[in-house]
Protein chains: 4
Amino acid sequence: MLAEFERLAEARMAPGPHGFFAGGAGDEATLAENVTAWRGWRIRPRVLVDVATRDTGTTVLGQRLPHPVLVAPTAFHRLATPDGEVATARAALAAGSVMCLSTFSTVGAAELAAQVPEVRRWFQLYVFRDRGITAALVDAAVASGYEALVLTVDLPVLGLRERDLRSGFVLEEAAAIPSLAGSGVPRRMTLAELTEVVDPSLTWADLERFAGQSGLPVLAKGVLVPEDAERAVDHGAAGVVVSNHGGRQLDGVLATAEALPAVVDRVGGRADVLVDGGIRRGGDVLKALALGARAVLVGRPVLWGLAVGGEAGARQVLDLLVAEFDNALALAGAPRAADLDRSFVQPARRG
Amino acid sequence: MLAEFERLAEARMAPGPHGFFAGGAGDEATLAENVTAWRGWRIRPRVLVDVATRDTGTTVLGQRLPHPVLVAPTAFHRLATPDGEVATARAALAAGSVMCLSTFSTVGAAELAAQVPEVRRWFQLYVFRDRGITAALVDAAVASGYEALVLTVDLPVLGLRERDLRSGFVLEEAAAIPSLAGSGVPRRMTLAELTEVVDPSLTWADLERFAGQSGLPVLAKGVLVPEDAERAVDHGAAGVVVSNHGGRQLDGVLATAEALPAVVDRVGGRADVLVDGGIRRGGDVLKALALGARAVLVGRPVLWGLAVGGEAGARQVLDLLVAEFDNALALAGAPRAADLDRSFVQPARRG
Amino acid sequence: MLAEFERLAEARMAPGPHGFFAGGAGDEATLAENVTAWRGWRIRPRVLVDVATRDTGTTVLGQRLPHPVLVAPTAFHRLATPDGEVATARAALAAGSVMCLSTFSTVGAAELAAQVPEVRRWFQLYVFRDRGITAALVDAAVASGYEALVLTVDLPVLGLRERDLRSGFVLEEAAAIPSLAGSGVPRRMTLAELTEVVDPSLTWADLERFAGQSGLPVLAKGVLVPEDAERAVDHGAAGVVVSNHGGRQLDGVLATAEALPAVVDRVGGRADVLVDGGIRRGGDVLKALALGARAVLVGRPVLWGLAVGGEAGARQVLDLLVAEFDNALALAGAPRAADLDRSFVQPARRG
Amino acid sequence: MLAEFERLAEARMAPGPHGFFAGGAGDEATLAENVTAWRGWRIRPRVLVDVATRDTGTTVLGQRLPHPVLVAPTAFHRLATPDGEVATARAALAAGSVMCLSTFSTVGAAELAAQVPEVRRWFQLYVFRDRGITAALVDAAVASGYEALVLTVDLPVLGLRERDLRSGFVLEEAAAIPSLAGSGVPRRMTLAELTEVVDPSLTWADLERFAGQSGLPVLAKGVLVPEDAERAVDHGAAGVVVSNHGGRQLDGVLATAEALPAVVDRVGGRADVLVDGGIRRGGDVLKALALGARAVLVGRPVLWGLAVGGEAGARQVLDLLVAEFDNALALAGAPRAADLDRSFVQPARRG
């Protein structure tokens with residue numbers, strides 16, 4: 001069903017912005033494998049369980065959420081809808097989701113908080129070469145009621161996204177991006193130019209510093225191997241997001257559905273594990289939670305919802321996915337999301 | 001060959017009813033995998049066995065059947081042919097099969113028994129929220145000579161079938177469905193509305209109650225994992241049907257050919273194991289029996305037979321499948337269906 | 001390259017006979033898998049071996065052959081070329097191959113021997129219900145210098161070949177087939193009617209009788225599992241042909257490249273193992289010999305050669321395959337076919 | 001991105017030369033599998049590593065190279081660009097690569113050295129039946145500053161390249177190939193005729209002789225199995241190139257990404273292992289090095305670069321691949337190519 005939003009969005013959007021949202025790195029193999037890797041797991045449903053009452057709720061960072069479908073941080077929502085991230089945040093609020101605001105949002109963190117104060121919100125952080133700007137971004141997020149920092153750890157440099165090169169995609173109003181105010185970026189720039197602001201020398205010590213100083217729990221987003229997940233926890237992360245940046249950074253890495261189980265095993269409950277990448281169905285959400293994720297983040301489908309119908313479209317996307325997840329819980333015989341464990345999945349036999 | 005009935009039926013039927021019969025849940029991945037998963041098993045044929053005389057017969061629920069190809073319970077046969085389930089039952093009788101009548105049949109259980117008294121018949125049971133109706137359905141089945149109850153355990157709620165949403169499929173004469181008489185359903189309704197009558201709180205205790213009270217053997221239909229198969233037997237089921245509801249409930253679950261062996265192993269002969277889903281060839285029937293099933297149930301192909309040629313079409317479908325199975329027995333060197341065991345199959349090497 | 005003969009033959013032949021030659025049973029899955037299963041094995045080539053002089057020769061049934069590419073027994077060569085099996089035998093002679101004449105040849109065993117006395121020839125035997133005819137066939141083969149009996153063990157009944165049903169293929173001159181002379185078959189008949197003459201009650205005792213009485217070595221053709229290969233040897237077979245009848249009998253059985261290694265292991269050198277099915281390249285021949293086969297039999301490609309160019313076409317097909325095999329030996333670093341062993345192959349990693 | 005050069009080159013070149021460069025042996029299965037086999041490995045990236053400064057450098061044959069992307073030896077560059085190998089060598093120089101000149105180059109070894117003296121260069125050696133010519137070729141290479149001999153060990157005879165047969169490809173100026181001067185070859189000839197000059201009786205003793213006498217390190221190019229790699233080292237090779245000649249020799253052998261790890265393990269550091277075949281992306285380079293290769297060789301893409309833009313095109317191809325590799329190092333968290341080891345890859349789960 002989310003696939004229909006994807007089709008409609010492509011028809012409505014200009015090729016440049018569409019390609020920027022839709023594309024991945026290199027041959028886009030990982031982009032495709034993120035979706036297909038979930039099919040490599042089969043659901044093992046249980047029957048004759050009373051599922052008249054269901055509870056899709058989960059607990060992330062010690063807080064109860066009504067369902068595990070979160071809005072992934074993605075850049076430049078005004079490319080999809082005039083209200084940009086405000087529309088997204090309203091959709092997240094209405095759908096009972098969490099809004100992860102990107103550093104590269106087209107609405108500032110404070111303004112979003114002012115416009116949609118009720119939405120539960122996290123702030124995704126790119127660490128800039130100019131650490132003063134980063135400190136200001138974190139301070140603003142703390143001041144504006146963001147409840148967690150999602151530190152992106154997989155963009156020391158930008159992945160090679162060939163759709164953007166082919167379309168000649170440039171940010172027409174880069175200088176208007178609130179987090180870039182004061183960083184002296186030019187008005188029009190490519191994404192590669194823009195991401196030059198990101199510090200490629202970020203290390204575990206930085207993670208530890210953010211975890212210690214901001215007062216907010218920090219999630220390390222972009223972890224794919226258990227060694228790094230363990231290191232993240234050891235350096236104070238409250239959680240890790242198993243992610244390959246939606247296949248947009250290094251083509252050929254592990255698909256997230258491949259990577260998740262080993263990460264969960266290594267973390268061993270010492271922190272929360274979340275996952276994004278290729279989640280398109282309620283059954284995918286169920287598989288992710290059965291494999292040990294606390295929640296999933298959804299990126300492109302929300303953007304397609306925005307492009308198709310603004311706030312209402314994004315909300316429809318989130319509601320649909322939650323409804324599918326609720327249906328999957330009922331049909332898998334797990335009335336509470338918390339009932340899910342590894343016994344609900346097994347690798348597909350390949351025939 | 002059954003594939004030709006499928007093609008012809010699509011050409012003859014209106015899109016709504018056709019989509020209702022043909023469709024599956026979600027991305028229809030399980031719908032497709034049910035068919036392809038049988039190909040994941042290779043037949044290991046034996047030669048120089050005297051196969052001049054064959055016996056396709058099997059024993060199910062202690063009763064001898066001339067062959068293991070049964071008519072799966074499917075809803076609303078009048079959508080395929082004017083005589084509805086009467087035509088199907090006559091086909092089953094002529095083909096030496098067993099007719100499993102659906103709760104959602106468009107001919108009532110008693111009327112069917114009156115019209116086709118000679119056919120061996122089982123009654124598929126959905127348990128309604130209003131248990132009085134259910135009790136009346138069971139009583140009617142017992143009184144009308146149905147020999148087993150096939151309790152569907154995988155529809156606590158309806159799967160998300162997007163073809164029906166797209167086609168806008170509604171039951172034009174829902175109120176005329178005999179089992180719904182007295183349940184106060186409106187004249188026109190969607191399948192989702194209709195299945196609201198089904199009780200989502202059904203549990204193993206209910207299965208045990210039906211097994212104890214009706215006097216008929218009870219088969220639990222919709223089991224995919226060995227834990228549930230064992231539980232079914234422990235709660236009094238005479239058999240289990242390994243099924244994912246033809247891929248119509250939760251997309252992404254085990255294909256039935258994947259699920260069957262572990263269920264057979266766990267049941268260990270304490271009850272009969274049957275299987276449905278994706279059976280399109282006599283070789284599939286052979287594989288199912290070699291893996292330990294006592295019989296198979298065939299749903300959509302019978303409906304395509306009905307749509308193409310009414311009673312005669314359904315009978316052709318059944319006869320063809322039995323003839324293919326007989327041929328497969330001869331060519332596998334198993335003159336009696338009872339000769340089949342695990343040594344007749346092995347997983348395909350994937351090249 | 002053989003693929004071009006296949007394409008050309010299809011263009012030249014009438015659909016009925018072409019479909020009869022080209023088709024397989026059921027969904028033709030095994031027909032396709034016979035070809036693709038060879039790709040499941042990788043060649044492990046050795047370098048810096050002196051391959052200036054090669055020897056493609058093999059030893060089968062104690063006799064030295066210049067190469068391991070034999071002409072499989074196939075029926076009704078006059079459907080492909082006016083001279084029928086005489087053209088094939090001449091091609092086999094010229095190419096240094098062995099001609100396996102089918103019981104259902106359109107040229108009689110004695111006549112073929114008279115016309116092409118120099119060709120090394122084997123006689124493929126279907127055992128008829130009327131054992132008198134069979135005895136006469138064997139006597140004629142012995143008398144006419146056939147050096148081995150290839151007893152087909154996988155056709156107790158005919159496979160379900162749907163192309164023939166669709167094309168309405170009938171043998172126009174069935175009564176003119178020499179081996180059927182005196183069996184009272186009608187002039188025009190379907191293949192199903194024709195194969196009614198074959199005895200479906202053939203057993204290992206019969207194999208033993210033929211092995212003992214004819215004075216010729218007997219190869220059991222149509223073995224796919226090691227149990228049967230062992231039984232064949234125990235009952236006096238001089239060899240077994242790993243074969244699924246070109247995918248024409250039971251769809252869904254083991255592909256021959258899947259089945260071969262276990263058969264070779266079980267036979268353990270007590271008899272010769274040959275293989276047919278899907279051999280289209282010299283590399284396939286190399287793989288077959290590396291897996292332990294003494295020789296391969298090639299069916300359809302020879303027929304396409306006949307259809308395209310009569311004797312010359314069939315010879316070209318054989319010569320091409322031998323030349324490819326010779327090239328493969330050189331490039332695999334095995335100057336003598338006898339150098340090949342399991343160390344020259346390994347299963348493909350599936351990426 | 002290299003794929004676009006491939007497309008453009010096909011559009012610009014005449015079918016004969018294009019097919020000669022692009023084609024492989026037989027069914028071209030190995031040609032395709034060389035590319036896809038790299039996808040069978042997943043990259044396991046590490047995050048929060050300081051990658052602000054990267055070092056793509058590697059050490060091959062004891063010499064430091066700025067990156068591991070070498071120009072594979074390929075024949076007849078004048079078919080792609082008027083300046084032939086001079087253009088390639090200039091591109092290699094500009095890109096910091098190593099130029100491996102083919103024995104069948106259209107520019108002589110001495111002339112190339114004279115024209116592009118600064119390029120680091122190796123000489124690929126076919127050993128001719130006439131060892132006098134070979135000795136002269138080696139002497140010339142030594143005299144002209146070539147730093148290594150790349151002895152091709154997988155062309156005792158020519159593979160069966162059907163594109164050339166179909167296109168009727170002939171070398172119009174074979175007699176003008178410098179290394180063939182004096183060998184008496186005719187003016188126009190097919191590749192099969194040309195390669196008749198190559199000695200099919202080459203053995204390990206020859207390798208040992210070249211390793212001992214030329215004074216240059218010798219790399220054995222065309223090794224696919226660990227037994228041969230070990231033998232090469234035992235006979236004095238300074239390195240082995242895991243290669244199947246770009247799928248042009250024996251179709252059906254191991255893909256190079258399949259073959260590499262076992263070769264590396266067996267060599268155990270006693271010599272350098274390089275690899276070619278199917279390298280099209282920086283991520284492939286990373287995988288090759290993580291699996292233990294010291295460098296990769298790139299053949300066809302350089303030819304496509306030549307065909308599209310001469311020296312500049314070839315340089316663009318090399319620069320692109322190095323830039324992709326540099327990006328992959330950053331995103332995999334391996335700032336130095338020397339950091340790569342097996343922990344950076346794992347086999348893909350097949351879903």
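A residue counts as buried here if 20 or more other C-beta atoms lie within 10 Å of its own, and as exposed if 12 or fewer do. Keep that in mind as we explore this predicted model.

**Exercise 1.** Find which residues of helix H9 (residues 204-213) of chain B are buried, and work out how they are arranged.

*Solution.* 
Step 1. Apply the cut-off along the helix: B:Trp204, B:Leu207, B:Phe210 and B:Ala211 are buried.
Step 2. Look down the axis of H9(B): these buried residues fall within an arc of 120°, so they line one face of the helix.
Step 3. Turn to the face away from the buried side, where the exposed residues B:Ala205, B:Gly212 and B:Gln213 sit.
Step 4. Ask what the buried residues pack against: in chain B, the partners are strand E7 (149-152), strand E8 (218-223) and helix H10 (226-234).

**Exercise 2.** Describe how helix H12 (residues 282-290) of chain B packs with helix H13 (residues 300-332) of chain B.

*Solution.* 
Step 1. Start with the geometry: the angle is about 65° and the axes are 7 Å apart.
Step 2. Sort the contact by class, giving 7 nonpolar, 3 polar and 1 charged residues.

**Exercise 3.** Describe the side of chain A that touches chain B.

*Solution.* 
Step 1. Count the contacts: 24 residues of chain A meet 34 residues of chain B.
Step 2. Find the main contributor: H13(A) gives the most to this side of chain A, with 6 residues.
Step 3. Divide the chain A side by class: 12 nonpolar, 3 polar and 9 charged.

Terms used. Residues numbered from 1 in each chain as written. Chains lettered and ligands numbered in written order. Predicted model: local features only at pLDDT ≥ 70, side-chain atom pairs only at ≥ 80, totals over all residues. Helix = DSSP H or I, 4+ residues; strand = E, 2+ residues; numbered from the N terminus. Arc of directions from axis to C-beta. Contact = placed C-beta atoms within 7 Å. Axes fitted to C-alpha atoms, helices over the stretch in contact; angles between N-to-C directions. Nonpolar A, V, L, I, M, F, W, Y, C, P; charged D, E, K, R; others polar.
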